[in-house]
Amino acid sequence: MSIKPVSKLLLPITIALSLLFTATAYAAENTPEGVVNSYYAALKARKYEDAYDLLTPRMIDGRTKKEYAADWKNIVDMASVILHEYGITSVEIDGETAKVNAWTRASDVFNTKGIIEKEVDHLILTDGVWKLDATEVSMEAVDM
């Protein structure tokens, strides 16, 4: 048995699997839960331009991507914000709207012991894409 025919077969299988996993990852992100997870991941990684792409015009509030990123950077830098972790507790989808109950654990110069923010993130489906449209926040102090 020759190795050559096997290697010719492995390349197409590898490419097909790669495309399958890429398509699956994208599909998982285009859910209310996926968008919220991607949003917080972008904020945690300080990739504010990536977070911008997940928002509706209402959340962007007339800012360009560059302005939005600069606003976040200024807030984070001035207050020494550190987003430690985040998670989702529930998701409710009603047609083209969704509510995602989420939480973040962060610290800053004003809350050195840290806080947990409980949030209700409101999303809308526009042209087949889920976008973050509004956020309601409540905070509680915690020992970290």
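I began with Arg58, which at 58% relative accessibility counts as exposed, and I kept in mind that the model is a predicted one. I then looked for its partner and found that the side chains of Arg58 and Asp133 meet in a salt bridge, with 3.2 Å from N to O. I noted where the two sit: Arg58 belongs to helix H4 (residues 57-60) and Asp133 to strand S4, so that the pair links distant parts of the chain, 75 residues apart.

Next I searched the whole structure for salt bridges, and the search gave five. One of them joins Glu85 and Arg105, whose closest N and O atoms are 2.6 Å apart. Because Glu85 lies in strand S1 (residues 82-94) and Arg105 in strand S2, this pair ties together parts that are 20 residues apart in sequence. Glu85 is partly exposed at 33% relative accessibility, and Arg105 is partly exposed at 22%.

I also looked up Lys73 and Asp77, whose side chains meet in a salt bridge at 2.6 Å, N to O. Both are in helix H5, and because they are four residues apart there, about one helical turn separates them. Lys73 is partly exposed at 45%, as is Asp77 at 40%.

Last, I turned to the largest nonpolar core, which has 23 residues, and among these Tyr39, Leu43 and Leu123 touch the most other members. Helix H2 (32-44) is among the elements that give two or more residues to this core, and its six residues are the largest share. Leaving out residues up to four places away in sequence, I found that Tyr39 touches Ala51, Leu54, Leu55, Tyr68, Trp72 and Leu132.

How values were computed:
Residues are numbered from 1 along each chain as its sequence is written. This is a predicted model: local features need pLDDT of at least 70, side-chain atom pairs count only at pLDDT 80 or more; totals for chains, interfaces and linings use all residues. Side-chain values use heavy atoms; hydrogens and water are left out. A nonpolar core is a set of buried Ala, Val, Leu, Ile, Met, Phe, Trp, Tyr and Cys residues joined through side-chain atoms within 4.5 Å. Buried means under 20% relative accessible area, exposed over 50%, partly exposed in between (1.4 Å probe, protein chains only). Contact means heavy atoms within 4.5 Å. A salt bridge is a side-chain nitrogen of Lys or Arg within 4 Å of a carboxyl oxygen of Asp or Glu.
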